[in-house]
Amino acid sequence: MAVSSNPGIIPVYTTTGDAAAYLAYPHLFNSNGEWVGWVTSSREVYSVLGYYVGYLTNDPRVLRKRSDPSRPRVQPPTHPRRISVPARVPLARMMSELTHDIVDVLLEEPERLHTTDSGELRDDLD
């Protein structure tokens, strides 16, 4: 099993086993090392704009219920610096199958975790 060059960075996988994000607790980064969200102590995942995205599993994956009611927007933490993502990551464990009511956010709805300079829910400049 390969070991990441930075032991504080945890790869977050999709159901297909691809590393699609990286967790440097509490911040979540995309594969380019850009900040896309954060994780609370109760494992809830929020976007950089403070919108609920889903929850972090032990696999680790970011999942959400398909019919999850909207939650109030929360204040995001301070913007962290960009990270250097590891060149190699450990292979993902065998992922359990998801039921129809659960969505793999990084696989099916990656637009929910966008950078601070993009995203549909971003406030207009006007």
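Analyst: A charge is said to sit over a ring if NZ of Lys or CZ of Arg is within 6 Å of the ring centre and within 35 degrees of the ring normal. The model shown here is a predicted one. In this model Arg71 lies over the face of Tyr52, at 3.8 Å from the ring centre.

User: What makes Tyr52 count as buried?

Analyst: Buried means under 20% relative accessible area. Tyr52 has a relative accessibility of 9%, and therefore counts as buried.

User: Why is the pair of Tyr46 and Tyr52 called edge-to-face?

Analyst: Two conditions apply: the ring centres must lie within 6.5 Å, and planes over 60 degrees apart count as edge-to-face. The centres of the Tyr46 and Tyr52 rings are 5.7 Å apart and their planes stand at 75 degrees, so the pair is edge-to-face.

User: How many aromatic pairs are counted by this rule?

Analyst: The count comes to two aromatic pairs. One of them joins Trp38 and Tyr46, with 5.3 Å centre to centre and 20 degrees between the planes. Planes under 30 degrees apart count as stacked, and the pair of Trp38 and Tyr46 is stacked. Trp38, Tyr46 and Tyr52 form one aromatic cluster.

User: Are Trp38 and Tyr46 buried or exposed?

Analyst: The limit for buried is again under 20%. Trp38 has a relative accessible area of 7% and is therefore buried. Tyr46 is buried as well, because its relative accessible area is 6%.

User: Where is Ser47 found, and what makes it count as buried?

Analyst: Ser47 is found in strand 5, which covers residues 44-47. Its relative accessibility is 2%, so Ser47 counts as buried. Leaving aside residues up to four places away in sequence, Ser47 touches Val36, Gly37, Trp38, Val53, Arg112 and Leu113. One of these, Trp38, also belongs to the aromatic cluster with Tyr46 and Tyr52.

User: Why is Arg43 called partly exposed?

Analyst: Partly exposed is the class between buried, under 20%, and exposed, over 50%. Arg43 has a relative accessible area of 35%, and is therefore partly exposed. Its place is in the loop between strand 4 (35-39) and strand 5. Arg43 also has a positive phi of about 70 degrees although it is not a glycine.

User: What does Thr57 touch, and why is Thr57 called buried?

Analyst: Not counting residues up to four places away in sequence, Thr57 touches Arg43 and Leu63. Contact here means heavy atoms within 4.5 Å. Thr57 is buried because its relative accessible area is 13%. The residue is found in the loop between strand 6 and strand 7. Thr57 and Glu44 are 13 residues apart in sequence, and their C-alpha atoms are 9.5 Å apart in space.

User: Which peptide bonds are described as cis, and what are their omega values?

Analyst: The bond from Tyr25 to Pro26 is cis, with omega near 5 degrees. Pro26 has its place in the loop between strand 2 (19-24) and strand 3 (27-30). The bond from Asp59 to Pro60 is also cis, with omega near -10 degrees. Pro60 is found in the loop between strand 6 (52-56) and strand 7 (62-65).

User: Which residues are closest to the centre of the second largest pocket?

Analyst: The second largest pocket has a volume of about 220 Å³. It is lined by 15 residues, and the closest to its centre are Ile10, Pro11, Tyr13, Asp59 and Pro60. Strand 1 (residues 10-13) gives the most to this lining, with three residues. The lining divides into ten nonpolar, two polar and three charged residues.

User: What makes Pro90 count as buried?

Analyst: With the limit at under 20%, the 15% relative accessibility of Pro90 means that it counts as buried, because the value falls under that limit. Pro90 is found in the loop between strand 7 and strand 8 (102-104). Pro90 and Ala19 are 71 residues apart in sequence, and 9.0 Å apart in space, C-alpha to C-alpha.

Notes
Residues numbered from 1 in each chain as written. Predicted model: local features only at pLDDT ≥ 70, side-chain atom pairs only at ≥ 80, totals over all residues. Heavy atoms only, no water. Phe/Tyr/Trp six-rings, centres within 6.5 Å; stacked < 30°, edge-to-face > 60°. Buried < 20%, exposed > 50% of the residue type's maximum accessible area, 1.4 Å probe, protein only. 1 Å grid on protein atoms, 1.4 Å probe; cavity = no way out; pocket = protein on both sides within 12 Å on 5 of 7 lines; lining within 4 Å. Points joined across faces, edges and corners; volume = space filled by probe spheres on them. Helix = DSSP H or I, 4+ residues; strand = E, 2+ residues; numbered from the N terminus. Nonpolar A, V, L, I, M, F, W, Y, C, P; charged D, E, K, R; others polar.
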